[in-house]
Amino acid sequence: MKVEFPCDNDQIALELPETVKIIQTSEFLTENYPEHAVSSALESPIGTPALSELARTRSSACIVISDITRPVPNKIILPPILKTLEESGIERQNITILIATGMHRPNLGDELESMIGADIMNSYRVVNHYCQKQDELKEITRIDDAPIEINTHYLDADLKILTGLIEPHFYAGFSGSRKSILPGIASFDTMKFMHSYKVISQLEGANCRLDNNLFHQYAMEVTQKAGVDFIVNVVINKMRELCGVFAGHFEQAHLAGCEMVKDHAVVELDQKVDLVITSAGGYPLDSTYYQVSKCLISAMDILNKGGTIVVFCGCREGLGSEEFCTIMRSNPTPEDFRKHHSQPDNFVIDQWCAQNIYQALDHAGQVYIYSPGLSDEDVARFSGKKLADAAECQAVVKELLTTHKRVVAIPEGPYVVGKVVGS
């Protein structure tokens with residue numbers, strides 16, 4: 001059978017035997033009229049009054065949106081929200097669209113236009129979050145004596161709205177809702193705590209799990225403190241079509257969306273496997289190797305110790321940020337990383353995704369990587385094996401199938417989660 005794996009904007013096709021188990025999301029029913037679905041959700045939300053009713057008593061609004069690394073259909077979500085706010089009496093100049101960059105780079109120019117459209121970009125105040133711009137941050141609480149600082153554009157708004165995508169997440173269980181605030185619009189010092197070696201080391205098997213999830217608990221605590229009036233979270237399918245809109249209360253609406261994702265994106269296995277063939281989800285999620293950590297952790301959770309991972313990732317922007325590059329190029333082994341970055345004083349930006357990658361490298365016997373955007377030197381430096389082209393991918397996989405009995409393929413990468421029953 002032919003199985004296609006997204007890689008950047010391309011597809012890498014492999015011929016696989018029928019004995020390989022394909023893990024994929026079950027079919028979602030798409031919204032035939034997505035704009036109408038969003039408008040209806042704004043007027044009939046879960047757990048709150050309609051957005052129009054909330055907006056009538058407010059003079060300003062801040063709408064938080066995800067950055068370029070998340071394929072959120074902002075061009076569908078934003079127009080009904082903006083229309084509702086203005087028709088309810090909030091003047092356009094008092095509406096701010098805040099991009100939840102977390103610690104990522106800002107989204108500007110053509111990139112911003114691709115996210116929200118030229119009309120919105122040119123007609124509304126759009127602001128990028130900068131995690132180290134201290135004059136736009138305010139401490140709202142402390143957790144374990146760590147400062148929790150949030151963007152003031154959001155805190156100062158009369159009406160606070162979060163938008164985003166609900167999908168599996170290897171730290172928070174599911175993305176969406178509270179993640180727009182933490183890490184979306186939090187400070188670097190807050191992230192030093194939330195993404196510390198100590199916290200991340202306690203999140204094994206957290207994908208698609210909210211119970212007993214430390215990251216989720218902290219994020220909920222911060223979100224309650226910061227305040228949220230309304231969320232508009234969506235679920236999309238692998239074609240990135242709108243399948244569900246969950247609007248209203250930041251917890252109740254989010255939980256409803258999580259249930260939909262769980263029903264479609266979690267696949268149960270009776271035992272762990274010897275080989276996982278996966279992707280990083282295609283563009284834009286696989287723009288950097290930093291984001292590839294998500295599919296590697298998902299693979300690790302169902303892989304026998306010493307098993308093999310084959311991953312397809314475009315990485316058109318290379319490894320990632322300068323800080324992430326330094327980490328990956330300075331720590332050739334998982335033990336090197338642990339010795340240095342387990343010390344709080346040595347914390348650096350982006351070390352948490354590196355931590356996950358080293359966890360996967362330590363667990364797997366070998367990781368094969370097909371990535372047009374990564375150099376041979378970088379892949380070799382952290383003990384990966386670089387695959388040169390589609391023909392070599394097919395040849396290596398064919399050889400691996402002769403020595404690995406239990407094999408799964410995950411074309412959608414981080415968008416689907418395998419769970420071993422009882423684990």
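## The second largest pocket

How much space lies in the second largest pocket? About 580 Å³. This is a predicted model, where local features need pLDDT of at least 70, side-chain atom pairs count only at pLDDT 80 or more, and totals for chains, interfaces and linings use all residues. Residues are numbered from 1 along each chain as its sequence is written, and side-chain values use heavy atoms, leaving out hydrogens and water.

A pocket here is an open set of points on a 1 Å grid over the protein atoms alone, where a 1.4 Å probe fits, with protein on both sides within 12 Å along at least five of seven lines; lining residues have an atom within 4 Å of a point. Volume is the space filled by probe spheres set on the points, which are joined across faces, edges and corners.

This pocket has 27 lining residues, with Lys238, Met239, Gly281, Glu412 and Tyr415 nearest its centre.

## The largest pocket

The largest pocket comes in at about 720 Å³. Its lining counts 34 residues, and Leu203, Glu204, Gly205, Met300 and Asp301 sit closest to the centre. Helix α14 gives the most, six residues (helices are DSSP runs of H or I, at least four residues, and strands are runs of E, at least two, numbered from the N terminus).

## An open sheet

Elsewhere, six strands make an open sheet with mixed pairing, in the order β6-β5-β4-β9-β12-β13 (two strands pair if DSSP finds at least two bridges between them). At the edges are β6 (125–128) and β13 (242–248), each pairing on one side only. Strands β5 and β6 run parallel over four bridges, and Leu98 has Val127 in β6 as its bridge partner.
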